[in-house]
Amino acid sequence: MFPDTKNGYTYEDCKATADWLLAQTDVRPKVGIVCGSGLGGLAEMLKDQVAFNYKDIPNFPQSTVHGHAGRLVFGTLKGRPCVCMQGRFHLYEGYSIQKITLPIRIFKLLGVETVMLTNAAGGLNQDFKVGDIMIIKDHLNMPGFAGNNPLSGPNDERFGVRFPCMSDAYDRELQQMAMDVGQELGYGDFLKEGVYCVLGGPSFETVAESRMLHKLGADAVGMSTAPEVIVARHCGMRVFALSLITNQVVMDYDSVEKANHEEVLQTGKERAEQLERLVSTMVTKIEHNNN
Ligand SMILES: O=P(O)(O)O[C@@H]1C[C@H](O)[C@@H](CO)O1
Ligand SMILES: Nc1nc2[nH]cnc2c(=O)[nH]1
């Protein structure tokens, strides 16, 4: 079956999904986590889990990519109520940009205040190595340059304003917290910061494209996250995001390296434990209104 490409989801559609979920769990999450390719182990850390397959959730798309389990998991992480997407959606799966970002609005209506996103990305910055964790400080939203922005279409003020600011999209306090926590955990050698660039995928970059993105100021390139960040900021949630550098992007015509999804998943496995510890430690330190 070809994925549902319905464009718009109304406030009422999102509310219906959120209410359906809230009726089936007592967990009232303050933190919403999105797991990138091969990084779904974070969801397994949640205690007292109540999990839903995406196929059972009204209005939810299905995961079609290897490394994205397709489960929404509620539970607690060191006592803090969380909800975790074990698998996200991508434009290249054939979904509309509104559909891939729908879960972020549902997070909002579940009561989430802070969104933490992870992804797998190719390293463009020549100082980065495979296995580095990059704290995202900003993004280049390439589909948005071509008019494919998740906020295109009628604006519902119940979510946010027509023209949201994005110069502060990535919460600076949370970036500093990640640096501090990373240092405490002994991750200083592989913890970096930088600019993430999203492309539509699913093809990986040509050499010319990679060189261009590097010149434009991107440190890492991937196929997700930025649309989710835009939607999260539009509806007023704090955002923190990390890229795991799973491969070095090929920038040289003489290179024999070839980007591939298996390498992406393999690097995810090798670095998963540290990434999970970094995110889970941060969750215990983030202050919310009633904790
Ligand atoms: O969901 P993320 O952004 O982690 O997935 C990346 C981009 C592609 O979906 C895939 C390529 O290997 O990994
Ligand atoms: N576009 C893109 N996405 C990725 N996800 C993981 N690695 C890569 C990469 O090299 N390029």
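This is a predicted model: local features need pLDDT of at least 70, side-chain atom pairs count only at pLDDT 80 or more; totals for chains, interfaces and linings use all residues.

User: Great. Which residues does UniProt list for the nucleoside phosphorylase domain?

Analyst: The unreviewed UniProt entry gives residues 30-283 for "domain: Nucleoside phosphorylase". In the model, that span is 30% helix and 26% strand.

User: And how far apart are the end C-alpha atoms of residues 30-283?

Analyst: They lie 10 Å apart.

User: Nice. On to the ligands: which residues come nearest to ligand 1?

Analyst: Gly36, Ser37, Asn119, Ser224 and Val264 come nearest, out of 13 residues around ligand 1. Strand E5 (114-123) and helix H8 (261-285) each give at least two residues to that shell.

User: What's the make-up of the shell around ligand 1 by class?

Analyst: There are eight polar residues, four nonpolar and one charged.

User: Now the other one. Which residues come nearest to ligand 2?

Analyst: Ligand 2 has 15 residues around it, and Ala120, Gly122, Val221, Gly222 and Val264 come nearest. By class, the shell around ligand 2 has nine nonpolar residues, five polar and one charged.

User: Which element supplies the largest share of the shell around ligand 2?

Analyst: That's E5, with three residues. Strand E8 (220-222) and strand E9 (238-248) also supply at least two residues each.

User: Where does UniProt place the "binding site" feature that includes Ser37?

Analyst: The unreviewed entry puts that feature at Ser37, His68, Arg88, Phe89, His90, Ala120 and Ser224. These positions are spread over 188 residues of sequence, yet they cluster in space, with a largest C-alpha distance of 13.3 Å.

User: Let's pick Ala120. Is Ala120 buried or exposed?

Analyst: Ala120 is buried, because it has 25 C-beta neighbours inside 10 Å. It lies in strand E5. Setting aside residues within four places in sequence, Ala120 has contacts that include Gly36, Ser37, Gly222 and Val264.

User: And where is Phe89?

Analyst: Phe89 sits in the loop between strand E4 (80-86) and H3. Phe89 has 30 C-beta neighbours inside 10 Å, so it counts as buried too. Beyond its neighbours within four places in sequence, Phe89 is in contact with Pro61, Tyr95, Lys99 and Ile100.

User: You mentioned H3. How many residues does helix H3 have?

Analyst: H3 covers residues 97-110, which is 14 residues. From first C-alpha to last it reaches 21 Å, close to the 20 Å expected at 1.5 Å a residue.

User: Where is the kink in H3 centred?

Analyst: On Pro103, and the kink is about 30°. After H3 comes Gly111, with a positive phi near 105°.

User: Why is H3 described as largely enclosed by the rest of the structure?

Analyst: Because 13 of its 14 residues are buried.

User: Changing topic: which residues are in the other "binding site" listing, the one with Glu205?

Analyst: UniProt's unreviewed entry lists Glu205 together with Asn247. They are spread over 43 residues of sequence but cluster in space, the largest C-alpha distance being 12.2 Å.

User: Tell me about Glu205 first. Where is Glu205 found?

Analyst: It is in the loop between strand E7 (191-198) and helix H6 (207-215). Glu205 has 20 other C-beta atoms within 10 Å, so it is buried; a residue counts as buried at 20 or more. Leaving out neighbours within four places in sequence, Glu205 is in contact with Ser210, Val221 and Val249.

User: And what does Asn247 touch?

Analyst: Apart from residues up to four places away in sequence, Asn247 touches Gly122, Val130, Ala259, Glu263, Val264 and Thr267. Asn247 is in strand E9, and it is buried, with 20 other C-beta atoms within 10 Å.

How values were computed. Residues are numbered from 1 along each chain as its sequence is written. Chains are lettered from A and ligands numbered from 1 in the order in which they are written. UniProt positions are given in the numbering used here, feature names are shortened, and annotations may be inferred rather than shown by experiment. Helices (H or I, at least four residues) and strands (E, at least two) are DSSP runs, numbered from the N terminus. A residue is near a molecule or strand if its C-beta atom, placed from the backbone, lies within 6 Å of it. Ala, Val, Leu, Ile, Met, Phe, Trp, Tyr, Cys and Pro count as nonpolar, Asp, Glu, Lys and Arg as charged, and the others, Gly among them, as polar. The expected span of a helix is 1.5 Å times one less than its number of residues. The bend at a residue is the angle between axes fitted to the seven residues ending there and the seven starting there. A residue is buried if 20 or more other C-beta atoms lie within 10 Å of its own, exposed if 12 or fewer, and partly exposed in between; C-beta atoms are placed from the backbone. Two residues are in contact if their C-beta atoms, placed from the backbone, lie within 7 Å.
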